[in-house]
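Here's a quick tour of one protein model, told through its side chains. Have a look at the sequence and the 3D view before reading on.

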Amino acid sequence: MSNIKDESKSDNTASEDDLEEEEVRSFKLPEYFPITRKTKSKLRSLTAWKTGNRREKMRHKCMDCVKKATEGYISIVLEKNAERLANKDMTKSEFDEARRKLYKQDLEINRLRTIMKNIKDTDVKDVNFIYAFGSMKADIMERDEPALTISNMPLYQRVSSGAQDQVYDHLKSKLRSGMVSENADTQAVKDYRDFEHQLFVTINPTEPVPFLHDVSEGDNDIEVEGGKVSLLCPISHDLIEDPVINPKCGHTYDKTSVANYLRNSNQCPVCPTELRRQDLIEDKLMKQRLVCYARDVKIFKERNIKMDEAEDKL
Ligand SMILES: [Zn+2]
């Protein structure tokens, strides 16, 4: 067991995740390790998780529930505050302040965010574990153990009994404890990032998301004067119904308007970037903005409250 490093010696440095992963990738079983044919055949039938698809579906369902609960909670808070605003128990600036605080300072939202994070972290751990289990299994399957004879018996004796279990346990605990990488490019990590973006626009439908960091997917939020995001189609100048985004420049248009526009042009109506029908994808963040903007309009209208001038123009 000499080539298994003592876990307790590793300290918490920033690059620990990378080192850990490197270590697992290059992890080799002890040179002499009695793997019998029986063990191999048992191992062949084992998979880390046989139900990968079902697991993914379950995670999706869980995340969806948290997302819906979050949206429901935000609606209730806004309605409650709008009620107070209508009854003049609250000023408009107090209403806006309360809304601003929702994203970072609300206990209930932070509780829901923690649940979401836990779902994501569990999934990242699982994905790492499945990966390592697969590579360890491949390692074992490739080994060609010499049959146990009187002459090679000392080699086998180097490994204490139960060594195999120790190797499994070692790897398992390593994966469970130290392998969660925030940078792991798993679907769960992406979904969590989307959740944060969607949460922000659910609270603030016309505010630009201040922390969009996935540049590769285009600059999703384009600010207009006054620091608001326009919900109007740059072609029809009406409220967007079905938002599609040009990933090449990040500008969003209404699907029907852009379909008509494309008959006569292949350039973005806002900037000099190329515009092709086949590039257009659904703009989910804008969709969420529109849904939540409509929610706000309804909440205000039902209570005869005038919306902000800036919001009115939308
Ligand atoms: Zn553009």
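Why does the arrangement of the four donor atoms around the zinc ion count as tetrahedral? The angles they subtend run from 101 to 113 degrees, and that makes the arrangement tetrahedral. Keep in mind that you're looking at a predicted model. From the metal site, we'll move on to charged pairs and then to aromatic rings.

**The zinc site**

- Four residues hold the zinc ion: Cys249 and Cys268 and Cys271 each through SG, and His251 through ND1, at 2.0 to 2.3 Å.
- For reference, the ideal angle for four tetrahedral donors at a metal is 109.5 degrees.
- If you read along the chain, the donors of the zinc ion are spaced as C-x1-H-x16-C-x2-C.
- Cysteine 249 has a relative accessible area of 15%, so it is buried.
- Cysteine 268 is buried too, with a relative accessible area of 3%.

- You'll find aspartate 279 in the loop between helix 9 and strand 3.
- Is aspartate 279 buried or exposed? Its relative accessibility is 16%, so it counts as buried.
- Leaving out residues up to four places away in sequence, aspartate 279 touches Ile245, Asn246, Pro247 and Lys248.

**Salt bridges**

- How many salt bridges are there? The count comes to 21.
- Lysine 248, one of the residues that aspartate 279 touches, has a salt bridge of its own with glutamate 274, at 2.8 Å from N to O.
- That pair links distant parts of the chain, with lysine 248 in the loop between strand 1 and strand 2 and glutamate 274 in the loop between helix 9 and strand 3, 26 residues apart.
- Lysine 248 is partly exposed at a relative accessible area of 42%, and glutamate 274 is partly exposed at 40%.
- Some salt bridges share partners, and in this way Glu79, Glu83, Lys298, Glu302 and Arg303 are joined into one network.
- Glutamate 71 and lysine 67 make a salt bridge in which the closest N and O atoms are 3.8 Å apart.
- Both glutamate 71 and lysine 67 belong to helix 3 (residues 52-86), where they are four residues apart, about one turn of the helix.
- Glutamate 71 is partly exposed, with a relative accessible area of 25%, and lysine 67 counts as partly exposed at 27% relative accessibility.
- Lysine 228 and glutamate 207 meet through their side chains in another salt bridge, 3.0 Å from N to O.
- Lysine 228 and glutamate 207 are both in the loop between helix 8 (187-203) and strand 1, 21 residues apart.
- At 23% relative accessibility, lysine 228 counts as partly exposed, and so does glutamate 207 at 31%.

**Aromatic rings**

- The whole structure contains three aromatic pairs.
- Why is the pair of phenylalanine 95 and phenylalanine 300 edge-to-face? The ring planes are at 80 degrees, with the centres 5.5 Å apart, so the pair is edge-to-face.
- Phenylalanine 95 lies in helix 4 (residues 92-105) and phenylalanine 300 in helix 10 (residues 284-302), so this pair ties together parts that are 205 residues apart in sequence.
- Phenylalanine 95 is buried at a relative accessible area of 1%, and phenylalanine 300 is buried at 2%.
- Tyrosine 192 and phenylalanine 195 form a tilted pair, with 6.1 Å from centre to centre and 40 degrees between the planes.
- Helix 8 holds both tyrosine 192 and phenylalanine 195, three residues apart, about one turn of the helix, and both are buried.

**Charges over rings**

- Tyrosine 192 also has a charged residue over its face: lysine 120, at 5.1 Å from the ring centre.
- Arginine 113 lies over the face of tyrosine 103, at 4.8 Å from the ring centre.

Definitions and conventions. Residues are numbered from 1 along each chain as its sequence is written. This is a predicted model: local features need pLDDT of at least 70, side-chain atom pairs count only at pLDDT 80 or more; totals for chains, interfaces and linings use all residues. Side-chain values use heavy atoms; hydrogens and water are left out. Donors are N, O and S atoms within 2.8 Å of the metal (3.2 Å for Na, K and Ca); water is not among the atoms, so sites may look incomplete. Four donors count as tetrahedral if all angles lie between 85 and 135 degrees; four count as square planar and six as octahedral if opposite donors are over 155 degrees apart and all others between 65 and 115; anything else is irregular. Buried means under 20% relative accessible area, exposed over 50%, partly exposed in between (1.4 Å probe, protein chains only). Helices (H or I, at least four residues) and strands (E, at least two) are DSSP runs, numbered from the N terminus. Contact means heavy atoms within 4.5 Å. A salt bridge is a side-chain nitrogen of Lys or Arg within 4 Å of a carboxyl oxygen of Asp or Glu. Rings of Phe, Tyr and Trp (its six-membered ring) pair if their centres lie within 6.5 Å; planes under 30 degrees apart count as stacked, over 60 as edge-to-face and the rest as tilted. A charge sits over a ring if NZ of Lys or CZ of Arg is within 6 Å of the ring centre and within 35 degrees of the ring normal.
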